[in-house]
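Please open the model in your viewer and keep the sequence panel beside it. The stops below say what to select next and what is to be found there.

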Amino acid sequence: MPDMPRVVVLGAGFGGIGAAQKLRDAPVHLTIIDRNDYHTFQPLLYQVATDELEPTAVGSPIRDLLHRHDSMVFHKCAVKSIDLAKKQVLVEEMSPVEYDYLVLALGATVNFHQTPGAAEHSFPLYTMKDAIRLHDHILKKLEEVDKNPALVDEGALTFCIIGGGPTGTELAGAMSELLHTELKADYPNLPIDEARVVLYEHSPAVLAHFKPKLQEYARRALEDRGVEVHTGTGVVEVTAEEITLAGGDKVKTQTLIWAAGLQANPLTKSLGVELAPGGRVPVGPDLQVKDHPQVFAIGDMASMTDGKTGQPLPGLGAVALQAGHHVGKTIEQLVAGEATTPFKYFDKGNMAQVGRGAAVVELPTGGTLTGSIAWLAWLGVHLSLLSGAEEKTSVFVDWGWNLLTHKRGKRILLCDDDSDDA
Ligand SMILES: Cc1cc2nc3c(=O)[nH]c(=O)nc-3n(C[C@H](O)[C@H](O)[C@H](O)COP(=O)(O)OP(=O)(O)OC[C@H]3O[C@@H](n4cnc5c(N)ncnc54)[C@H](O)[C@@H]3O)c2cc1C
């Protein structure tokens with residue numbers, strides 16, 4: 001059917017996948033573009049970094065979407081810019097891709113808030129490569145100290161995390177458990193008891209968007225696991241050897257993990273539209289870009305408001321996925337000449353894990369859960385959200401194994417540049 005409209009979806013994260021799921025049976029030619037050939041389940045990246053899960057458990061092949069859907073194609077390539085006037089997307093290694101409808105779902109990138117040295121010396125946790133890099137860095141620090149224990153005084157075993165949101169909090173709990181359980185047995189000659197996990201959060205509490213009693217529970221659960229929690233403290237400078245705190249104190253560390261902020265994908269600047277704070281693309285109630293009724297922006301790169309409450313929507317996987325579904329349906333309606341409706345987010349609650357057997361859950365009804373019940377709820381929800389049967393099975397097996405034996409992954413360097421295997 002050569003006269004079907006061309007729909008191009010940029011990005012196969014939560015938003016892009018949501019749109020593609022809705023559109024794959026619609027009467028359109030659907031093209032998906034992503035620089036990776038896999039969808040990344042970002043909420044579990046910290047488990048790759050801390051050896052609870054292997055990378056393939058949180059990355060699922062985008063090409064799986066194409067099975068049995070002939071009018072759909074996928075190109076693994078990087079988007080360079082978007083020309084709204086010419087209705088073209090410029091990509092690497094291919095001629096420009098033309099569209100009738102465009103879905104912008106290119107996510108966000110880390111925001112170092114112009115902190116000197118942060119971009120060069122810290123470890124963000126936003127992509128699969130970030131998670132593998134951090135994973136290997138932790139193991140390399142242990143190998144270095146194994147050969148030269150004096151490095152402990154240089155901060156080789158001081159692991160600092162900036163940002164006490166869900167990412168920083170979940171990572172801090174998992175790192176402390178990793179260092180003080182499995183790695184303790186792996187490195188019997190290491191002064192592993194001197195290893196520190198230090199969490200810095202500039203606001204007065206961790207998990208700022210949760211209720212105060214959940215914030216207090218999370219702080220206690222982290223401290224029970226040996227994490228040093230410093231709230232009301234920011235980091236103002238980072239070098240390869242130390243960090244400087246807002247009050248002027250310096251802490252020797254060779255690992256600063258940056259979990260303190262995001263900004264929209266810089267490609268939003270190529271659109272030539274006025275951007276909202278954080279570089280996000282402002283959209284109307286139906287997620288359309290102003291003055292471009294056939295262009296939609298969703299997820300972390302968009303500034304979206306809830307059609308039900310009028311409130312700004314947070315940067316969450318659930319928000320992006322539902323927005324993707326909505327845009328898919330809207331495009332179908334436009335193609336059929338039907339009326340469209342505003343996007344209304346269905347809030348299913350909020351949750352974060354703090355460690356084995358410890359989590360916090362805020363239900364949409366206002367109720368809360370903590371402890372092992374909340375943790376089981378966290379496991380169930382994350383398992384159900386993973387994309388394919390293969391990923392679900394693999395995560396289920398890894399978590400079950402970890403739970404029964406207190407042993408994690410393979411604990412080997414995944415990308416060891418120093419190895420002379422080549
Ligand atoms: C560590 C971490 C933990 C999180 N935990 C939770 C959680 O527990 N619960 C929750 O609801 N949310 C969580 N989030 C937030 C959630 O993951 C995001 O809100 C969600 O991924 C946003 O979806 P998106 O589709 O907008 O962007 P993304 O999922 O980031 O997808 C963007 C896609 O665009 C592609 N892309 C980017 N640039 C280019 C380019 N130039 N060319 C081609 N392709 C490109 C990327 O490869 C990616 O596939 C977490 C995020 C992080 C980073």
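**Around the ligand**

Select the ligand together with the 29 residues around it, among which G15, D34, Q42, V79 and D300 come nearest; a residue is near a molecule if one of its heavy atoms lies within 4 Å of it. Before going further, note that this is a predicted model, in which local features need pLDDT of at least 70 and side-chain atom pairs count only at pLDDT 80 or more, while totals for chains, interfaces and linings use all residues. Residues are numbered from 1 along each chain as its sequence is written, and side-chain values use heavy atoms, with hydrogens and water left out.

Now display the polar contacts, meaning pairs of N or O atoms within 3.5 Å (within protein, one atom must be able to donate a hydrogen and the other to accept it, and residues adjacent in sequence count only if both atoms are side-chain atoms). At G15, a backbone N or O atom is 2.8 Å from an oxygen atom of the ligand, and at G315 a backbone N or O atom is 3.3 Å from a ligand oxygen atom. At N36 the side chain provides the N or O atom, which lies 3.4 Å from an oxygen atom of the ligand. The ligand taken alone exposes 1,000 Å², of which the protein buries 90%; these accessible areas come from the Shrake-Rupley method with a 1.4 Å probe, and for residues only the protein chains shown count as cover.

Colour the shell by residue class, and it divides into 14 nonpolar, 12 polar and 3 charged residues. Here Ala, Val, Leu, Ile, Met, Phe, Trp, Tyr, Cys and Pro count as nonpolar, Asp, Glu, Lys and Arg as charged, and the others, Gly among them, as polar.

Next, colour domain 1 (6–35 + 77–109 + 263–335) and domain 2 (118–260 + 350–405) separately, with bounds that come from an automatic or database domain assignment. Their C-alpha centres lie 32 Å apart. Why does the ligand lie between the two domains? Both domain 1 and domain 2 give residues to the shell around the ligand, so the ligand lies between them.

Select α1 (14–23) and α9 (317–335), each of which supplies at least two residues of the ligand shell; helices (H or I, at least four residues) and strands (E, at least two) are DSSP runs, numbered from the N terminus. The largest share, 3 residues, comes from α9.

Stay with α1, which is mostly covered, since 8 of its 10 residues are buried, where buried means under 20% relative accessible area, exposed over 50% and partly exposed in between (1.4 Å probe, protein chains only). The buried residues are F14, G15, G16, I17, G18, A19, A20 and L23. Their cover includes the strands β1 (6–10), β2 (29–34), β3 (38–40), β5 (72–76) and β9 (101–104), as well as helix α9.

In strand β3, select T40, which counts as buried at 15% relative accessibility. Leaving out residues up to four places away in sequence, T40 touches F14, L45, V58 and M128, a contact being heavy atoms within 4.5 Å.

Move to M72 in strand β5, which is buried with a relative accessible area of 4%. Beyond its neighbours within four places in sequence, M72 is in contact with A20, R24, L30, I32, L65 and L66.

Then select Q311, in the loop between β23 (302–303) and α9, which counts as partly exposed at 47% relative accessibility.

**Two residues with positive phi**

Finish with L207, in the loop between β13 (196–201) and α8 (212–224), where phi is positive at about 50° although the residue is not a glycine. L207 is buried, with a relative accessible area of 1%. D291, in the loop between β21 (288–289) and β22 (292–297), is also a residue other than glycine with a positive phi, near 70°, but D291 counts as exposed at 67% relative accessibility.
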